[in-house]
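The following exercises are to be worked through with the sequence and the model in view. Each task is followed by a stepwise solution.

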Amino acid sequence: MRWKPGRPDLGAHAARFDVPPAGPHLGVTFLGVSTLLFDDGESALMTDGFLSRPGLLRVALGKLAPDPARVTGALGRLGFGPLDGGRRLDAVVPVHTHFDHALDSAFVAARTGATLVGGESAANVGRGAGLAEDRIVVAGPGEPVSCGAFTLTMVESEHSAPDRFPGSIGRPLVPPARATAYKCGEAWSLLVEHTSGRTALVQGSAGYTPRALGGRRADVAYLGVGQLGHRGEGHIRAYWRETVETVGARRVVLVHWDDFFRPLDEPPRALPFTHDDLDATLHLLTRLAHEQHVQLHLPTVWRREDPWSGLG
């Protein structure tokens, strides 16, 4: 593959940042990568909780730990401050345990009173951070887990290729630690159901397990596309088929396209072409969405949105 210089221009895709805004009830807030806040005003859960977003040099050469100022500032902006003053999250759910997903998950859980929900690798992230065992739930594949107004079902999946840090986290991971210590662990397709009947699939990585989602349904798919633009048309079509088509999603919101070495308080930008090709991904997914009458969007960071609006 011939590498192109620079990175995709998000301005060329400005019309895609059009997920309907949320009203006073259930909404979803995109916080970069595949960190999503599902919130109905009383009950809330967050996927991943990656808010520190350390820079490239720190990731490549140093050790990583949650940045308390960045994480606390972001939680405060969302209305989830320290336990003595802010609201509580019901759950924090890493979709896998690479650092750009799980680095802050236990810290967010500790600050908000949430339960950390995931596989054994996620549990070891929580244990290494000092999270009490009764605040950790190891979810079995396909077993529903109740979290406030939400029911979560975690279906076994695969990370997108290449998985730079494969393997599992077999013992408590104490920060600070190298990025390489945050091995992938269990990769999940996360199904979210709210008591209102609204459903969503969160596919945090652009990999899949064939037929794993058979028989599952979701009105909306939050579809991770990191590295997808380098995989070729055949893989992209298969990925869409095994996720969006299989669950019958009528609206797709793309995640994990942003440069996660950039702080959340700076305008987002796409990953460079050396890492991904968002233009190529959008070109093909636009065709697939048009052919199948599926609405395709990019989310706006910090904006509370309603991806179910207009779906009936």
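**Exercise 1: A covered helix**

Among the elements that cover the buried residues of α5 are α3 (99–102), α4 (105–112), β5 (115–118) and β6 (136–138). Contact here means heavy atoms within 4.5 Å, and helices (H or I, at least four residues) and strands (E, at least two) are DSSP runs numbered from the N terminus. The model is predicted: local features need pLDDT of at least 70, side-chain atom pairs count only at pLDDT 80 or more, and totals for chains, interfaces and linings use all residues. Residues are numbered from 1 along each chain as its sequence is written, and side-chain values use heavy atoms, with hydrogens and water left out.

Task: Determine how many residues of helix α5 are buried, and which they are.

Solution. 
1. Apply the criterion: buried means under 20% relative accessible area, exposed over 50%, partly exposed in between (1.4 Å probe, protein chains only).
2. After the helix comes G130, with a positive phi near 90°.

**Exercise 2: An aspartate in a loop**

Task: Locate D40 and describe the polar contacts of its side chain.

Solution. 
1. D40 lies in the loop that links β2 (36–39) to β3 (44–47).
2. Its relative accessible area is 18%, so D40 counts as buried.
3. A polar contact is a pair of N or O atoms within 3.5 Å; within protein, one must be able to donate a hydrogen and the other to accept it, and residues adjacent in sequence count only if both atoms are side-chain atoms.
4. The D40 side chain reaches the backbone nitrogen of S43 at 2.6 Å and the side chain of H194 at 2.8 Å.
5. Leaving aside residues up to four places away in sequence, D40 touches P24, H25, L26, A149, H194 and R304.

**Exercise 3: The largest cavity**

Task: State the volume of the largest cavity and classify its lining.

Solution. 
1. On a 1 Å grid over the protein atoms alone, a cavity is a set of points where a 1.4 Å probe fits but cannot get out; lining residues have an atom within 4 Å of a point.
2. Grid points are joined across faces, edges and corners, and a volume is the space filled by probe spheres set on the points.
3. The volume of the largest cavity is about 60 Å³.
4. Its lining includes R53, D258 and V301.
5. Ala, Val, Leu, Ile, Met, Phe, Trp, Tyr, Cys and Pro count as nonpolar, Asp, Glu, Lys and Arg as charged, and the others, Gly among them, as polar.

Notes:
On a 1 Å grid over the protein atoms alone, a cavity is a set of points where a 1.4 Å probe fits but cannot get out, and a pocket is an open set with protein on both sides within 12 Å along at least five of seven lines; lining residues have an atom within 4 Å of a point.
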